[in-house]
Amino acid sequence: MSAYPRVASFKSHQQFTDHLKELGADFPSDAEVESGADSPLGQSLDVDGVTVGNRFCILPMEGWDGTTDGKPTDLTRRRWRNFGISGAKWMWGGEAVSVRHDGRANPNQLLMTESNLSSIEGLRHELENAHQERFGRTDDLYVGLQLTHSGRWAKPNEKTKSEPRTVQRNPALDPRGNVTDDSAIMSDDDLRRLIDDFIAAAVRAERAGFKFVDVKHCHGYLGHELLSGVDRDGDFGGSFENRTRFVREIVAGINAEAPSLKIGVRLSIYDFMPHHPGEDRIGEPVPGADPRLVWGADPSGMGIDLDEPSKFLTLLESIGVKMVCTTAGSPYSTPHIQRPAYFPPSDGYLPPEDPLVGVARQLRATADLKRSHPGMTFVGSGYTYLQDWLPGVAQAVVRAGWVDSIGLGRMVLSYPELPADVIAGVKQQRKKVCRTFSECTTAPRNGMISGCFPLDPFYKAMPEREMVKAIK
Ligand SMILES: Cc1cc2nc3c(=O)[nH]c(=O)nc-3n(C[C@H](O)[C@H](O)[C@H](O)COP(=O)(O)O)c2cc1C
Ligand code: SF4
């Protein structure tokens with residue numbers, strides 16, 4: 001059990017903000033949340049010429065529930081319908097969709113092949129139809145698709161078999177992803193073929209009616225790891241120019257082959273050294289981890305240095321990428337900074353800090369980058385741990401210009417209609433608020449589908465619910 005006060009124990013906004021003050025968590029929070037189309041969260045947003053109807057965005061979340069050939073199932077369709085009824089007007093990618101088979105993070109991850117195009121298009125229809133039925137319009141809805149290659153975390157064929165394709169050796173991570181020798185390192189030629197695969201998948205996404213693609217650069221997957229490839233030789237490693245060649249060539253290729261498709265990047269804007277459970281299962285850095293391989297970290301590997309991430313955003317802006325979704329760390333090696341939680345997943349560790357510190361870190365770093373890149377549109381992440389206070393903090397940070405749109409992850413699994421309720425001024429339904437039990441992460445880490453087993457009645461009724469409880 002964690003040593004920090006639970007968010008649900010704060011009985012008033014004053015108690016919550018007093019606690020933030022004690023922690024030194026310096027983000028603003030409003031006691032009253034406004035409703036309606038002109039409210040800070042209800043107002044529309046211009047994203048590089050596209051009107052997006054409000055300030056809520058659904059973050060990509062997969063469910064480990066596609067078919068083995070990479071098509072959606074009824075479970076996938078249900079999740080996307082829930083995204084549609086949420087009331088959020090921006091869909092940052094739906095979920096991670098692999099551009100080729102060896103890049104799948106699990107054998108049930110969606111795959112953007114020619115033969116899967118129409119069923120992935122069907123997912124988009126599902127979401128848009130649900131939104132249309134509930135809200136009467138979709139002209140102000142902005143739906144993209146997240147494209148990925150899972151790199152060192154790939155498990156394309158069996159749930160328990162890592163088949164890593166990585167950028168460079170990393171002694172602190174290699175044992176976790178079954179990297180035992182250099183054969184897991186992708187050659188420059190393989191990376192060039194992968195660039196073509198990203199471009200081909202983006203063209204298919206456009207044909208499937210998606211308005212933008214996210215060229216994923218976060219959470220320890222391949223794009224993100226390339227940014228830290230300081231030990232790699234050749235065209236894709238070493239210098240900043242080489243480490244960013246991958247994204248530059250993908251963007252150039254998409255612009256050439258699908259000129260009207262917009263491009264965004266989901267980016268881990270900082271990371272810390274890989275963690276593991278230490279004494280009393282509390283997370284601590286893996287001894288001997290190399291801070292040079294941690295992108296966006298200071299020389300200690302335990303603090304933020306936004307110099308390169310900021311330079312990376314400047315580069316993106318110069319090649320026409322105007323929207324970024326900020327996140328941090330990796331769900332495998334630094335989950336406490338990536339998705340702050342009170343209860344860790346089964347393969348995690350107890351939080352080494354009050355999870356609100358993790359939230360504050362993401363909010364502040366995003367605000368710093370937003371300030372230095374005012375011409376870009378920013379979607380933030382990591383708000384779910386705020387729980388009952390999420391709407392008040394969301395309103396305050398949008399109003400203060402820290403971020404343009406509030407990305408919602410876990411909260412929308414337990415409480416899909418939260419954005420609609422906030423904008424309509426409906427009282428928050430407390431029993432649906434995500435309390436960060438992490439069962440949506442524990443289940444897939446143990447070979448099961450993901451879903452909100454504790455709070456979503458649909459998943460609560462499944463046999464997996466008991467299995468997840470037993471593992472806990
Ligand atoms: C079950 C689950 C699946 C996820 N899948 C993805 C994914 O496919 N792509 C991605 O970029 N992030 C993924 N994430 C991370 C979320 O998008 C988000 O960054 C994270 O949950 C923190 O936001 P939150 O505090 O609102 O939950 C996933 C998170 C969860 C809990
Ligand atoms: S299982 Fe449900 S309550 Fe637990 S973290 Fe996931 S969404 Fe939140």
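Why does Glu-206 count as buried?

1. The structure is a predicted model, in which local features need pLDDT of at least 70 and side-chain atom pairs count only at pLDDT 80 or more, while totals for chains, interfaces and linings use all residues. Residues are numbered from 1 along each chain as its sequence is written, and chains are lettered from A and ligands numbered from 1 in the order in which they are written.

2. **Glu-206.** Glu-206 counts as buried because it has 20 C-beta neighbours inside 10 Å. The cut-offs are these: a residue is buried if 20 or more other C-beta atoms lie within 10 Å of its own, exposed if 12 or fewer, and partly exposed in between, with C-beta atoms placed from the backbone. You will find Glu-206 in helix H4. Helices here are DSSP runs of H or I with at least four residues, strands are runs of E with at least two, and both are numbered from the N terminus. Leaving aside residues up to four places away in sequence, Glu-206 touches Ala-258 and Leu-261. Touching, or contact, is taken to be C-beta atoms, placed from the backbone, lying within 7 Å.

3. **H4 against H7.** Helix H4 (residues 188–207) packs on helix H7 (residues 245–257) at an angle of about 40°, and their axes are 9 Å apart. Axes are lines fitted to C-alpha atoms, for helices over the stretch in contact, and angles run from 0 to 180 degrees between N-to-C directions. H4 and H7 are therefore oblique to each other; angles under 35 degrees count as roughly parallel, over 145 as roughly antiparallel, 65 to 115 as roughly perpendicular, and the rest as oblique. On the H4 side, the meeting residues are Leu-191, Ile-195, Phe-198, Ile-199, Ala-202 and Val-203, and on the H7 side they are Phe-246, Glu-249, Ile-250, Gly-253, Ile-254 and Glu-257. Sorted by type, the residues of this contact are 9 nonpolar, 1 polar and 2 charged. In that sorting, Ala, Val, Leu, Ile, Met, Phe, Trp, Tyr, Cys and Pro count as nonpolar, Asp, Glu, Lys and Arg as charged, and the others, Gly among them, as polar.

4. **H2 against H3.** Among the residues making the contact are Trp-80 and Arg-81 of H2, and Leu-127 and His-131 of H3. The contact of H2 with H3 divides into 6 nonpolar, 3 polar and 5 charged residues.

5. Met-323 has Thr-377 in E13 as its bridge partner. Strand E13 (residues 377–380) in turn runs parallel to E14, joined by 2 bridges, and Val-379 stands opposite Ser-405 in E14. Both faces of E13 are covered, with Thr-377 and Val-379 buried on one side and Phe-378 and Gly-380 buried on the other.

6. **The other partner of E14.** Strand E3 (residues 56–58) pairs with E14 in the parallel sense over 3 bridges, and Ile-58 stands opposite Leu-408. Within strand E14 (residues 405–408), Ser-405 and Gly-407 point one way and Ile-406 and Leu-408 the other, and all are buried.

7. **Helix H11.** Which elements cover the buried residues of H11? They include helix H1 (13–23), helix H10 (355–372), E14, helix H12 (410–414) and helix H13 (418–424). Helix H11 (residues 390–399) is largely enclosed by the rest of the structure because 8 of its 10 residues are buried.

8. **A backbone detail.** His-219 has a positive phi of about 60° although it is not a glycine. His-219 lies in the loop between strand E8 (212–215) and helix H5 (222–227), and it counts as buried because it has 29 C-beta neighbours inside 10 Å.

Note on methods. Two residues are in contact if their C-beta atoms, placed from the backbone, lie within 7 Å. Two strands pair if DSSP finds at least two bridges between them.
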